[in-house]
Amino acid sequence: MTATSTRRRTGSPRPSRGSAVEWLRRPRPPLAPPRWLTIAGIAVGAAALAVVPLVNPSYINLTVTLVMIWTLVGLGLNLLVGFGGQVSLGHSAFFAIGAYAVAVGGEAGIPHPATLAIAAALPFLVGYVLGLPALRLHGLQLGLVTLAMAMATPAAIRALEPLTHGSRGIAIDGDPPAWIPLAHDQWVYYLALAAATIGYVVTRRLARGRLGRSFVAVRDAEIVAETLGVDVWRTKTRLFAASAAYAGVAGGLYAMLLEFVGPENFNLTLSISFVTLIVVGGLATVPGAVLGALFVQYVPTLTSSISPAATGAAYGAVLIAFAFFLPYGLVGLVRAALGRLVARLPGRRGT
Amino acid sequence: MLLQQLADGIATGAIYSALALAIVLVFRASRTLNFAQGEFALLGAYVSWQLVVWGLPVWAALPVSMALLAVLSAASERALIRPLARRHQALPLIIVTLGLMIAINAVIGWAWTYQTKEVPALFGGGAVDLGGVAVSRQDIGIVLTVLVVAVVLGVLFEFTRWGLRMRAAVSAPESAELSGISTGRTMTMGWAIAGAVGALAGTLIAPELFLHPGMMAPVLIYAFAAATLGGLDSPVGALIGGLAVGVVENLAGSYLPHGSDFKQVVALVIIVVVLLVRPQGILGRREVVRV
């Protein structure tokens, strides 16, 4: 049985002073900053994020909102791929379902923040149903199915024309309700901030709690997990459903932000950037989603000034390089760089 | 009308067969899917096009492009795949071949721009009337070429010493190593042949689809469907699967409402149904796991 785990167990005998590659590849524990630093960091970060939309022009709010949307997708996808070991190259499909839930819901007269609930519930259901057959597929097969799903998404949207208006797309009114004194970009920013914060906290708790541990157990040793009382069937379907719901909410916010959805927004490139996001950020790490989101938002703007092909080249090279040298992504790199420093800070709880 | 659809389906199906054959060769060699297979084929088509522009006749350009792609494919196996294949993990391999797919596509776009190019048909223009069905010479040529390639590969695998080694290395790697077969070399060989077959498929289909960087992505997904249907480790299965997928795709495109859109969902439906109903495909061997 081939295990689809993403990290090797740490017990393997290795030279303590290996090459630079060995040093990069070494798994490391999460940073354990002292409590005062954590609290200060959260306070400063929260204050900064709350102020950003009030002092910046709308195009900056737009990109920061996009970063939070990608973060949300990354959190969900990492739950599935990183913690669960289930490959998905098709999260653009769930993202699209969420976006269209908001668009079609808005057309049907449902007020807008409420449509986000549909954007979470519908992909959750679809993810659950898809998770059932996915239970029987492993590694490569699941990759194949989800890749086909990503490629079929734009066509499926066009084919469902009565609902989606095909290639014409749907315009969305993303303005806040009249009693909220915010501009469109500020309103969606705060919605995305709320969603990403909730997503982050929930994922963190999931990852460290009983459910997260059962995900990892199923990933690393399915039969052992089952013997120890983990319900593999329920774990996998829930995992798929939860991961799809994250992508759905993100898609809904994306639709509200751009105020338009069309089939071509949800092509294979989007799915690939999601995969790049979690690989770059760090598989099976929660903060990785944020670093990966920053990467997929800002690197294409940098590379597209070089050549329209440079983004693809950069993504491809980065995927290969990270798979070889940085299996724990940027988070692994940060841990390697700051681990000793943080360990020396005063005020840590006893270790 | 129906006969015409069938004939067209078989012609496109033959291309899916060829690419599915490449996928099967890679799968047999390293038990993985190469998501970059389509882009290898695309690169082969571009190399052929470039050589034709430089003045080579297309039938002379084809072998050069096949040889080049064989080397490239073998090199990527040695450099990128083998170090990861040893770890028996699906995810890093998927990530790496996915990265290869995007990178090759970007490099192609960079080198040859995103404008469409015209590749001369290997078997000339014009059509032949076969019992009331108009079939282009190129289509007939494609089907025959793919058949010949499949038969040659089949004979190579089944009746030669080298083929025996190849099969031994796949079915019992440890015993094969012990009896002096280099499994590493057979893996590289599998990738090399896959690269060459891919370049052939790319060059053959390019005149019909018009050469541009997005040309192979849809073809790849149909080829995956074909390989899944036929059985991922069966070359004959790939051939049959490709033809079947080509015919189904064409019929769906013509007879279903919103045909041209539903057509693109066909691959997904085939893959899902096959994997759920008969995961080993029509002719594949069932994978048995001893616990």
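Hi everyone, a quick definition to start: a residue is buried if 20 or more other C-beta atoms lie within 10 Å of its own, exposed if 12 or fewer and partly exposed in between, with C-beta atoms placed from the backbone. This is a predicted model, where local features need pLDDT of at least 70, side-chain atom pairs count only at pLDDT 80 or more, and totals for chains, interfaces and linings use all residues. Residues are numbered from 1 along each chain as its sequence is written, and chains are lettered from A and ligands numbered from 1 in the order in which they are written.

Let's begin with chain B. Helix H5(B) covers residues 137-159; helices are DSSP runs of H or I with at least four residues, strands are E runs of at least two, and both are numbered from the N terminus. Its 23 residues reach 32 Å from first C-alpha to last, close to the expected 33 Å, which is 1.5 Å times one less than the number of residues. Which residues of H5(B) are buried? They are B:Gln138, B:Asp139, B:Ile142, B:Val143, B:Val146, B:Val149, B:Ala150 and B:Leu153. These pack against H1, S2, H8 and H10 of chain B, where contact means C-beta atoms, placed from the backbone, within 7 Å.

Next comes H9(B), residues 216-230. Because 13 of its 15 residues are buried, H9(B) is largely enclosed by the rest of the structure. After this helix comes B:Gly231, with a positive phi near 110 degrees.

How do H9(B) and H10(B) meet? Their axes come within 7 Å and cross at roughly 125 degrees; axes are lines fitted to C-alpha atoms, for helices over the stretch in contact, and angles run from 0 to 180 degrees between N-to-C directions. The two are therefore oblique to each other; under 35 degrees counts as roughly parallel, over 145 as roughly antiparallel, 65 to 115 as roughly perpendicular, and the rest as oblique. Among the H9(B) residues in this contact are B:Tyr222 and B:Leu229.

Over in chain A, the axes of H3(A) and H12(A) come within 9 Å and cross at roughly 75 degrees, which makes H3(A) roughly perpendicular to H12(A). On the H3(A) side, the residues include A:Trp70 and A:Leu77, and on the H12(A) side, A:Phe274 and A:Ile278.

Finally, the chains together: 40 residues from chain A and 38 residues from chain B make the contact. On the chain A side, H6(A) gives the largest share, 14 residues. Thanks, everyone!

Terms used:
Contact = placed C-beta atoms within 7 Å.
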